[in-house]
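Please consult the display while reading.

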Protein chains: 2
Amino acid sequence: MPRNKAAVSIRDVAAAAGVSVATVSRVLSPASADIVVREETRDRVVRAINELGYRPNDLARALLQQRTSTIGLVLPDISNPYYPPLVRGVEDAASQLGYRVVLCNTDRDPAKTAAYLDTLVKARVDGVIVAGGNLSELPGHPRVFETYRTKLVMVGRHGLAHPSVRVDNTAATEDATAHLIGLGHRGIAFLGGPEGSSTAQDRLLGHRRAMAAAALPTAERVAGFDEHGGYDAARSLLTGTPPTALLCANDRMAFGAYAALADAGLAVPADVSVVGFDDVPMASYVRPTLTTVAVPTYELGRAAMRLLQDALDGSAATEPVLLPTRLVHRASCARLA
Amino acid sequence: MPRNKAAVSIRDVAAAAGVSVATVSRVLSPASADIVVREETRDRVVRAINELGYRPNDLARALLQQRTSTIGLVLPDISNPYYPPLVRGVEDAASQLGYRVVLCNTDRDPAKTAAYLDTLVKARVDGVIVAGGNLSELPGHPRVFETYRTKLVMVGRHGLAHPSVRVDNTAATEDATAHLIGLGHRGIAFLGGPEGSSTAQDRLLGHRRAMAAAALPTAERVAGFDEHGGYDAARSLLTGTPPTALLCANDRMAFGAYAALADAGLAVPADVSVVGFDDVPMASYVRPTLTTVAVPTYELGRAAMRLLQDALDGSAATEPVLLPTRLVHRASCARLA
């Protein structure tokens, strides 16, 4: 028996057994059970496999079975602490189900997104999970997926004819703003994520609804979904009569707002109350601790992978799956005197 | 021409051209240029390919060429904000070089690491980049890699016979501690990462060297590499005579230490100076801003991918590649009165 088993190819097995490579494939592949291989031939192949110590590789098996046991996970920005738990959720479920995860980071760039989707479908991944990002990032994607029949699951998006899982961002910010109004706040500004982000739009909508219901005017700022964006947006609100509360479209923006308030000599929550969104780990470690909307990010990832498995099994839900959010009350909000 | 090109298989082409599948493969694969296909046969195959609109898929090509254009990236914890820029660096370089990246998150679990490496080599990835984590996580890995001839590059480890890229963690903490000593601090505690992490060990070693050079005793705490670990470790140091400075093995631990100090009514840097390690984005947004060792994480990722490409080209460096760190002076350190 040769020592380096990896060096033994299917061709070696075919030669040793005196059959064609196709015959060895037929013996190996459960998918070709309907193709008859004579018992005597089969025995010869199995004997050659054992004698040579041949291990069929996953790639060859994938080609024969037309599946790769690999899925793609496309997301806008792995640097955002919102995404790691989602990646972990997808990865843990995928691992249990026997899939590998190819991670693709689009940087919210439509060209990069399109290139990744093209690469993924050409690599014949079994499915793709697209998380977050802008709707405009996926120009003509349905055609790509129709052509290749690759299964697609969306996380955090809606309005597309694919299985999806998300939270109700609008209801969550409506609740958060209502909470601030309940504490007596009237000047509540919304620090929103980038335009074109459906998540940011949904969160803005909820804020507007709660403000409209209370007949209050709303101040809004559009900025990047990170500390830098939150810092600049908060600073631009601190001229004239500053708001008494800030609702931030995510926690990173809230951390930036904390810094801007500190630099302006304003105390949280004595001068300004702050609410975040996502409940990333750091939300418990800033001082004061951040009141924020907890998103079950890890569960979103797991649910997406399970939806993808359902789709691959031909039994995908058509209704979007909604997971609950929860306003976590910490120390960054105070009742207005 | 059929509308669904993906449905056309190499078998269809072979049938249309009246040749074997192997012959179509030979025409398609540049690797088999030494195998003669008669010109007339070749023309017939090319005609069939064009008429049917056949697109050879990457998987089939990979099998023929024995390469997958995929690499594995194995890391301990994607939730640590240290890693996203590294992932981005690997991914950007990989994308330029025509590789896809399969991300694997080991959670510092030896069994999980072994399973991922096994999966990756069986999937015939062209190479694997292993970043961070514990040395003990890779039991017997050299044998696996020898057997499968998959190329391996290490990030942030040393002492193994593979191409590697890292920073000099020991020199960096030696400098950082010397800086604190220069500011007049004598009671400088080290908040270290988990035992078994070679990075944590190297950082501890540098701290010890600087303290020994100044003939100062050192207080040390071992804890998780995150806010929670930093919080608990800092709190345990605040009984009796607290240190006047904390050197933290990473920024997340420093953020936890900030919280513990705030909760104990101690001010940074008036009461306690704090130094972090990594320079994650949040280090600029905590107040006071965090003095920390900047690690060129993105560049580490890019360099690792380039080393892997060199290894695949058969021209890998044997000497470890060292990238420079830099102590970034911010507001969390004060001269001791």
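Q: Which residues does A:V21 touch, not counting residues up to four places away in sequence?
A: This is a predicted model, in which local features need pLDDT of at least 70 and side-chain atom pairs count only at pLDDT 80 or more, while totals for chains, interfaces and linings use all residues. Residues are numbered from 1 along each chain as its sequence is written, and chains are lettered from A and ligands numbered from 1 in the order in which they are written. Two residues are in contact if their C-beta atoms, placed from the backbone, lie within 7 Å. By that rule, the partners of A:V21 beyond four places in sequence are A:I10, A:R11 and A:A14.

Q: In which order do the six strands of the open sheet in chain B run?
A: Strands (E, at least two residues) and helices (H or I, at least four) are DSSP runs, numbered from the N terminus. Two strands pair if DSSP finds at least two bridges between them. The pairing in this sheet is mixed, and the order is β7-β6-β8-β9-β10-β12.

Q: Which strands of this sheet stand at the edges?
A: An edge strand here has a single partner strand, so one side of it is left without a neighbour in the sheet. In chain B this applies to β7 (219-222) and β12 (326-328).

Q: Which residue is the bridge partner of B:L191 in β8(B)?
A: Strands β6 (residues 188-192) and β8 (residues 245-248) of chain B pair in the parallel sense over four bridges. The bridge partner is B:C248.

Q: How far apart are the end C-alpha atoms of α8(B)?
A: Helix α8 of chain B covers residues 169-182 and lies across strands including β6 and β8. The expected span of a helix is 1.5 Å times one less than its number of residues. The 14 residues of α8(B) should therefore span 20 Å, and the distance between the end C-alpha atoms agrees, at 20 Å.

Q: Which residue just after α8(B) takes a positive phi?
A: The phi value is about 95°. The residue is B:G184.

Terms used:
Axes fitted to C-alpha atoms, helices over the stretch in contact; angles between N-to-C directions.
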